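Open the structure in your viewer and keep the sequence beside it, so that each selection can be found in both places. The stops below go from strands to core to loops.

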Amino acid sequence: ETTPGSTDFSTTFVISDEDHTLGNTLRVVLNQNPKVTFCGYSVPHPLENKLHLHIQTKEIGAAEALKEALREVMGICDHVGATFEAAEDRYYSEGGTGH
């Protein structure tokens with residue numbers, strides 16, 4: 001969902017059931033994109049489980065920038081998961097014990 005007044009290159013996305021964890025992650029990834037001129041987010045009220053993510057872009061639409069950022073975040077999560085699993089496997093293969 002987007003807020004009224006959004007355009008292709010300046011959009012505020014309203015994302016339900018998300019908070020600062022996703023908001024800050026997307027803000028960091030989007031601000032690394034040279035086609036993004038501004039990105040910020042807010043959680044309007046702590047009891048309202050919604051995230052407002054505002055993206056301004058040049059050359060590509062805000063929705064496309066968001067899709068690219070989400071794909072990058074998924075790639076980062078996959079890398080972290082694989083790195084953790086490899087380290088855990090190495091730990092146990094070297095005789096480590098769990099608690």
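Two strands are said to pair if DSSP finds at least two bridges between them. With that in mind, and remembering that this is a predicted model, select T12 and then H54 in β3, which stands opposite T12.

Now widen the selection to the strands themselves. β1 covers residues 10–16 and β3 covers residues 50–57; these two strands run antiparallel and are joined by seven bridges.

Is T11 buried or exposed? T11 counts as buried, because its relative accessibility is 6%, and the cut-off for buried is under 20%. Show the side chain of T11 and look for the backbone oxygen of T7, which lies 2.4 Å from a polar atom of that side chain. Leaving aside neighbours within four places in sequence, T11 is in contact with T2, S6, L53, H54, I55 and A62.

From there, move to I55, whose contacts, again leaving aside neighbours within four places in sequence, include F9, T11, F13, L30, V36, F38, A65 and L66. I55 also belongs to the largest nonpolar core, which has 15 residues, and together with L26, L30 and L53 is among the residues that touch the most other members. In soluble globular proteins, nonpolar side chains tend to be buried together.

Select D17, which sits in the loop between β1 and α1 (20–31), and then E59, which lies in the loop between β3 and α2 (62–93). What is the phi of D17, which is not a glycine? The phi of D17 is positive, at about 60°, and E59, also not a glycine, has a positive phi of about 75°. Most residues other than glycine have a negative phi.

Definitions and conventions:
Residues numbered from 1 in each chain as written. Predicted model: local features only at pLDDT ≥ 70, side-chain atom pairs only at ≥ 80, totals over all residues. Heavy atoms only, no water. Helix = DSSP H or I, 4+ residues; strand = E, 2+ residues; numbered from the N terminus. Core = buried A, V, L, I, M, F, W, Y, C linked by side-chain atoms within 4.5 Å. Buried < 20%, exposed > 50% of the residue type's maximum accessible area, 1.4 Å probe, protein only. Contact = heavy atoms within 4.5 Å. Polar contact = N/O pair within 3.5 Å; in protein donor to acceptor, adjacent residues only side chain to side chain.
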